Amino acid sequence: MAVYTDVSDAELSAFVARYDIGALLSAKGIAEGVENSNFLLQTDRGFYILTLYEKRVNEADLPFFIGLMDHLAERGIICPRPVRDREGRALQRLAGRPAAMVTFLSGMSVNRPEVVHCGELGRALAQLHGAGADFGIRRANALSLAGWRPLYEQARRQADAVSPGLAQRIGDDLAALEDAWPQGLPEGVIHADLFPNNVFFLGERLSGLIDFYFACNDAFAYDLAICLNAWCFEPDGAFNITKGQAMIRAYEEVRPLTPAEVEALPVLARGAGLRFLLTRLVDWLNVPPGALVKPLDPLEYDRKLGFHRFAASAADYGLVR
């Protein structure tokens with residue numbers, strides 16, 4: 001399970017007692033997610049999610065993440081809302097880790113998104129971009145273009161052990177993207193990790209967005225490109241243009257793409273694919289002994305990059321003009 005830090009019963013009971021949320025009835029580790037330790041808490045007043053922040057999360061960034069969830073919730077985005085203790089604090093420490101508790105959202109993630117889910121996601125993504133426009137804190141995207149070459153250098157010598165020729169393919173992609181990466185696109189707060197496991201549905205209706213711990217300021221169209229990668233490929237590696245069309249159309253019903261964003265979409269999609277290939281590859285090559293969490297397959301994104309390298313325009317992703 002994705003629980004890296006053990007919490008004793010006594011520690012957990014004392015932690016919950018700081019809040020006005022009732023008596024703790026049960027606590028269960030949550031298997032989903034690979035970045036933090038997450039627990040589902042049940043009290044006699046309801047359910048809550050407790051997160052202990054691990055790995056890539058910088059403690060200095062936590063006020064951004066906590067403030068953003070509050071800001072988005074106030075503007076109608078269905079997302080977890082931080083719970084404050086009796087002294088008004090949302091950020092805490094537990095078992096030697098930064099920690100926070102948030103409200104529980106109803107719904108389930110979908111393992112195999114259908115066209116309708118892609119449309120719901122596209123609309124919600126555009127709404128998120130609009131709702132974050134007046135958020136007052138900025139956070140740079142540490143996993144955008146400038147962060148990719150250092151990740152490549154970490155993994156380059158071992159990459160071919162994962163797949164023959166992988167180091168060369170990554171190096172070629174990286175060089176091409178460094179030459180072509182677009183500048184000056186419309187930007188603001190993006191989620192940056194809106195994979196299907198971070199989106200809840202009740203039936204076919206989207207019921208919530210979660211896991212804002214990669215959120216940052218970057219190009220809106222890059223966020224859309226991340227979602228095209230995460231939602232619109234089939235298990236055999238083929239891009240489903242019908243899903244892409246549904247996602248882009250629904251996004252544009254809320255926020256139309258500018259001509260510059262349309263032109264840049266293939267480069268952004270290739271960059272998004274490389275970002276997740278690199279972070280997955282570094283994780284794959286650095287699994288700590290005895291780890292209970294299996295890292296995600298980096299070669300999934302190697303296969304997706306095979307499509308992106310030959311995409312000529314946004315029409316290849318489903319844009320209809």
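1. Rings of Phe, Tyr and Trp (the six-membered ring of Trp) are taken to pair if their centres lie within 6.5 Å, with planes under 30 degrees apart counted as stacked, over 60 as edge-to-face and the rest as tilted. On that basis, a search of the whole structure finds 17 aromatic pairs.

2. The model is predicted, and local features need pLDDT of at least 70, side-chain atom pairs count only at pLDDT 80 or more, and totals for chains, interfaces and linings use all residues. Residues are numbered from 1 along each chain as its sequence is written, and side-chain values use heavy atoms, with hydrogens and water left out.

3. The rings of Phe64 and Phe65 have centres 5.8 Å apart and planes at 80°, so this pair is edge-to-face. Both Phe64 and Phe65 are buried, where buried means under 20% relative accessible area, exposed over 50% and partly exposed in between, with a 1.4 Å probe and protein chains only. Phe64 and Phe65 also belong to a cluster, linked by ring pairs, that includes Tyr53, Phe135 and Tyr213.

4. Phe276 and Tyr301 form a tilted pair, with 5.8 Å from centre to centre and 40° between the planes. Phe276 lies in helix H8 (residues 259-285) and Tyr301 in helix H9 (residues 299-308), so the pair ties together parts that are 25 residues apart in sequence. Phe276 counts as buried at 5% relative accessibility, and Tyr301 counts as buried at 0%.

5. As to the overall fold, the chain holds nine helices and nine strands, these being DSSP runs numbered from the N terminus (helices H or I, at least four residues; strands E, at least two). The radius of gyration of the chain is 20 Å, close to the 20 Å that the globule rule gives for 321 residues, so the chain is as compact as a globular protein of that length; the radius is taken over C-alpha atoms, and the rule is 2.2 Å times the number of residues to the power 0.38. Of the 321 residues, 55% count as buried.

6. Contact means heavy atoms within 4.5 Å, and among contacts in the chain between residues at least 6 apart in sequence, 72% join residues at least 24 apart.

7. Ala23 lies in the loop between helix H1 (9-16) and strand S1 (24-29), and is partly exposed, with a relative accessible area of 39%. Leaving aside residues up to four places away in sequence, Ala23 touches Gln42, Thr43 and Asp44; the C-alpha atoms of Ala23 and Thr43 are separated by 5.1 Å, although these residues are 20 apart along the chain.
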